[in-house]
Amino acid sequence: MTFKVAIIGRPNVGKSTLFNRLVGRKLALVDDTPGVTRDRRVHAAKLYDLHFDVIDTAGFEDAAASTLPGRMRAQTEIAIREADLIFFTIDAKSGLMPDDKTFAEIVRKSGKPVVVVANKAEARGAQGGMVEAWELGLGEPIPVSAEHGQGLPDLRDAVIAALGEARAFGEEEEDADEETAASEVLIGEDITDPDAEPSYDDTKPMRIAVVGRPNAGKSTLINALIGEERLLTGPEAGITRDSISVDWDWHGRRLKLFDTAGMRRKARIHEKLEVMSVQDALRAIRFAEIVIIVLDATIPFEKQDLQIADLIIREGRAPVIAFNKWDMIDHPQELLAELREKTERLLPQARGMQAVPVSAETGRGLDKLMDAVIRTHRVWNSRVSTGKLNRWLEGILAHHPPPAVAGRRLKIKYVTQAKTRPPGFVVSCSRPDAMPQSYVRYLSNSLREAFDMPGVPIRIALRTSENPFAGKAKKRR
């Protein structure tokens, strides 16, 4: 039985750096700018022989509930309620600040066991901050350097002392957690190749990334889907920075949703922090199976929307469009017909892409969106037998054979499916380099229609079989 540890403290004391150190990889964004973290992030962690879940939180600030810092504080208070142990983190280099004492009182009232973590203890002058930390009245401060990995043995001992050995180590668990561990596929964690070729399996958690421009309603959509205020939302654009994963069960199907930062045009991105956020979102796309593209229905198909969709298709992920803010549309039927026509015309790379009108605010259309996700995922995993493919090819060659190039007719011998996720086909032909791209597109569109594979990228590779007598002919000369 594991326990939960919440890392809290005021901004810029190194909470995310400590989080990354405990989980063993750089999942949380880290920057010198105060207030980088906004949402709370949960992940499995290890501290020598201790195994637990750790929660990264936003910097604790004293602010009105309606403001962004106030909403961030509410997320931190939820983390405190969920946790079994609190790491109250201070900056030993700068010493105590007035806010530290205020928040220490809040932590004390929670009644949870507390370990005071004096971070940045490697810095010159940190000893003074260590002495000041006793004023909090939360026990002995533990000097650590999250950046350099110093002081972790003392932190382990402090955890055991705070929880007791029975609670800290829990009961001996056998191999029961193997399935859970296998399901923890997170951003940047290359456990499995996303382009591997498995058979369709609906028992594994489906990885779904939710992407779009800033303020399209991505976090609000995820909150509406899971039925709780799990992610920070508000009228401000660009609230989300980290890619946050949320586990969810939909009609018995396990899902892992990834909220991502809004992606603006590259020319508009100047700050290092926004660059890091967008890179995190791109990693989410690469490791997702389904990508829900959230478009603002009041201003859909901006140039950036199309670039995001094109990126997803080039990465081979399965796209689904959600036209959000549908509750603000005056003539929904007319607009929906127009938007679906634009989807077909502007995104021909994945003809037949599922596009669903939704309202994250009212909850309208969410079931239809998830039905579209499941259908698209099945298509993305679909496989066609070689026999069926070559019977289809016979009809294609009879109806529309390849053109002649430089006076020589191109010959196609056979076709087979080499992979799924997305569907990939190998076409054996006489001169692959001479095959016109227009004919390759014709094959792709015909495959899509003949075998009912709408809305996902289809990859076609042209190959030629070597002539076994070509080398001998050259030798005779």
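**Helix 3**

I take exposed as over 50% relative accessible area, buried as under 20%, and partly exposed as in between, with a 1.4 Å probe and protein chains only. This is a predicted model, so I kept to its limits: local features need pLDDT of at least 70, side-chain atom pairs count only at pLDDT 80 or more, and totals for chains, interfaces and linings use all residues. Residues are numbered from 1 along each chain as its sequence is written, and side-chain values use heavy atoms, with hydrogens and water left out.

Helix 3 covers residues 98-110, and its buried residues are Asp100, Phe103, Ala104 and Val107. Seen down the helix axis, they fall within an arc of 115 degrees, so they line one face of helix 3. The arc is taken from the directions between the helix axis and the C-beta atoms.

What do the buried residues of helix 3 pack against? I found strand 1 (4-8), helix 2 (68-82), strand 4 (85-91) and strand 5 (114-119). Gly111 follows helix 3 and has a positive phi, near 75 degrees.

Most residues other than glycine have a negative phi, and most peptide bonds are trans. I listed the exceptions I came across.

- Lys120 is not a glycine, yet its phi is positive, about 60 degrees. I placed Lys120 in the loop between strand 5 and helix 4 (126-133).
- His251 also is a residue other than glycine with a positive phi, near 50 degrees. His251 sits in the loop between strand 8 (244-250) and strand 9. Is His251 buried or exposed? Its relative accessibility is 67%, so His251 counts as exposed.
- The peptide bond from Arg421 to Pro422 is cis, with omega near 0 degrees. Pro422 lies in the loop between strand 15 (412-419) and strand 16 (424-429).

**Ser359**

I found Ser359 in the loop between strand 12 (355-357) and helix 12 (366-380). Its relative accessibility is 0%, so Ser359 counts as buried. Which side chain does the side chain of Ser359 join in a polar contact? It is that of Asp327, at 2.9 Å. A polar contact is a pair of N or O atoms within 3.5 Å; within protein, one must be able to donate a hydrogen and the other to accept it, and residues adjacent in sequence count only if both atoms are side-chain atoms.

Leaving out neighbours within four places in sequence, I have Ser359 in contact with Asn324, Lys325, Trp326, Asp327 and Arg364. Contact means heavy atoms within 4.5 Å.

**Met263**

Met263 is in the loop between strand 9 (253-259) and helix 9 (272-286). I noted a relative accessible area of 4%, so Met263 is buried. Beyond four places in sequence, Met263 touches residues including Val211, Gly212, Arg213, Pro214, Val278 and Ile308. I also checked Asn215: 48 residues separate it from Met263 along the chain, and their C-alpha atoms are 9.9 Å apart.

**Whole protein**

I counted 15 helices and 17 strands. Of the 477 residues, 51% are buried. Among contacts with a separation of 6 or more, 71% come from residues 24 or more positions apart. The accessible surface is about 22900 Å², and carbon and sulfur atoms hold 50% of it. Accessible areas come from the Shrake-Rupley method with a 1.4 Å probe; for residues, only the protein chains shown count as cover.

Note on methods:
Helix = DSSP H or I, 4+ residues; strand = E, 2+ residues; numbered from the N terminus.
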